[in-house]
Amino acid sequence: MQSIYAFVQSQNTDLVTEEKFLSNSMENMYNLYLTLLSLLVETQKMAEQQLTLSQKKYLATKEERNPNRKFIENSILLKLANDPVLEEKLDNRRISWDLDDEYVKIIYREILKSDIYKEYIANDNTDFLDDKKVILELFQKVIAPNEKLYEYIEDKKLTWIDDLPMVNTLLVKMFKKLKPNSPEDYFHPPLFKDADDKQFASLLFKKTILNDEKIEQEIEGKTPNWDTDRIAELDAILLKMAICEFLKFPSIPVKVTINEYLEIAKEYSTPKSSIFINGILDNLVKEYQANDSLNKSGRGLM
């Protein structure tokens with residue numbers, strides 16, 4: 001949607017360049033995922049550094065000489081800190097917090113202040129479920145909502161701020177499903193499930209743009225209270241993308257298409273856009289079904 005919108009707004013004719021930007025944006029989403037994983041590693045390292053410094057104090061207290069290492073030795077944090085695949089990916093993609101360690105300090109201080117951390121440290125019980133629970137809660141309630149981290153992500157990459165909710169959701173799901181016997185590469189799912197999945201965004205982008213005039217004709221006459229040029233530009237793009245999926249992607253169920261674009265409209269367009277778009281798409285589906293032009297293959301795709 002954003003790539004098509006940018007293409008239309010700039011009156012660009014270089015489809016290849018915009019397609020490359022789209023591809024790079026998806027790769028950068030994976031970089032965001034790795035960046036957040038590495039943030040957890042960096043907080044563990046900072047915790048260890050702080051304890052080491054405390055132990056070296058000339059007048060160290062008894063607690064400082066024998067610090068509580070429960071957080072540092074948290075099994076989930078250790079799994080990430082000792083993950084050679086993660087380390088290699090961070091090196092290859094040049095992802096590092098070295099120049100932005102002030103944000104690591106901010107997150108670490110917020111963790112120390114949280115009741116979640118204090119209760120975890122105070123509990124003598126140590127097992128995998130406790131370790132997982134504290135990391136999950138810290139991520140959901142302390143790390144992910146942090147405004148300074150949000151500002152950092154917003155400034156770092158143009159597309160990251162829109163990717164953040166999806167990446168956060170993925171990480172939460174992964175922490176919840178993590179088991180003691182999870183494979184070594186557990187935290188390294190592929191960005192795309194298969195070649196078709198990787199190609200989908202590019203195909204949708206190109207087919208929507210290249211079939212613009214034909215899709216425009218599909219919309220005309222379906223908006224009795226709206227002239228085509230009065231439809232909000234973003235709504236028009238969402239309608240065109242949905243119609244493109246109806247007509248050019250036989251394996252995508254109609255209901256899936258409608259639901260997806262209604263959600264996008266609620267997130268990015270006007271308050272009434274989802275109702276407007278739903279009405280247009282619903283009428284189009286009925287028309288397509290009547291003249292047998294949907295061409296959907298597979299069970300349950302209507």
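Guide: Before we start, one term: a residue is buried when its relative accessible area is under 20%, exposed when that area is over 50%, and partly exposed in between, using a 1.4 Å probe and protein chains only.

Visitor: Thanks! How much of the protein is made up of buried residues?

Guide: Of the 302 residues in the protein, 44% are buried. This is a predicted model, so local features need pLDDT of at least 70 and side-chain atom pairs count only at pLDDT 80 or more, while totals for chains, interfaces and linings use all residues. Residues are numbered from 1 along each chain as its sequence is written, and side-chain values use heavy atoms, with hydrogens and water left out.

Visitor: How many helices and strands are there?

Guide: There are 15 helices and zero strands. Both are DSSP runs numbered from the N terminus, where a helix is H or I over at least four residues and a strand is E over at least two.

Visitor: And how big is the accessible surface?

Guide: The surface comes to about 17900 Å², and carbon and sulfur atoms account for 50% of that. Accessible areas come from the Shrake-Rupley method with a 1.4 Å probe, and for residues only the protein chains shown count as cover.

Visitor: Now pockets. How much space lies in the largest pocket?

Guide: About 2000 Å³. A 1 Å grid is laid over the protein atoms alone; a pocket is an open set of points with protein on both sides within 12 Å along at least five of seven lines, a cavity is a set where a 1.4 Å probe fits but cannot get out, and lining residues have an atom within 4 Å of a point. Grid points are joined across faces, edges and corners, and the volume is the space filled by probe spheres set on the points.

Visitor: Which residues lie nearest the centre of the largest pocket?

Guide: M26, M29, M166, F200 and A201, out of 43 lining residues. The helices that each supply at least two lining residues include α2 (15–55), α10 (160–177) and α11 (195–210).

Visitor: How do the residues of that lining divide into nonpolar, polar and charged?

Guide: The lining of the largest pocket has 28 nonpolar, five polar and 10 charged residues. Here Ala, Val, Leu, Ile, Met, Phe, Trp, Tyr, Cys and Pro count as nonpolar, Asp, Glu, Lys and Arg as charged, and the others, Gly among them, as polar.

Visitor: Let's look at T43. Why does T43 count as buried?

Guide: T43 counts as buried because its relative accessibility is 1%. T43 sits in helix α2, and a polar atom of its side chain lies 2.7 Å from the backbone oxygen of L40. Beyond its neighbours within four places in sequence, T43 is in contact (heavy atoms within 4.5 Å) with F71, V104, I107, Y108 and I111.

Visitor: S38 is in helix α2 too. Is S38 buried or exposed?

Guide: S38 is buried, at 4% relative accessible area. A polar atom of the S38 side chain is 2.7 Å from the backbone oxygen of T35. Setting aside neighbours within four places in sequence, S38 touches L90, I95 and W97.

Visitor: And E27, how far apart are E27 and L191?

Guide: They are 164 residues apart in sequence but 7.9 Å apart in space, C-alpha to C-alpha. E27 is in helix α2 and is partly exposed, at 31% relative accessibility.

Visitor: Last one: what is phi of R94 near?

Guide: Phi of R94 is near 55°, a positive value in a residue other than glycine. R94 lies in the loop between α5 (84–92) and α6 (101–113), and counts as exposed at 79% relative accessibility. D292 has a positive phi as well, near 60°; D292 is in the segment after α15 (273–290) and is exposed, with a relative accessible area of 69%.

Key. A polar contact is a pair of N or O atoms within 3.5 Å; within protein, one must be able to donate a hydrogen and the other to accept it, and residues adjacent in sequence count only if both atoms are side-chain atoms.
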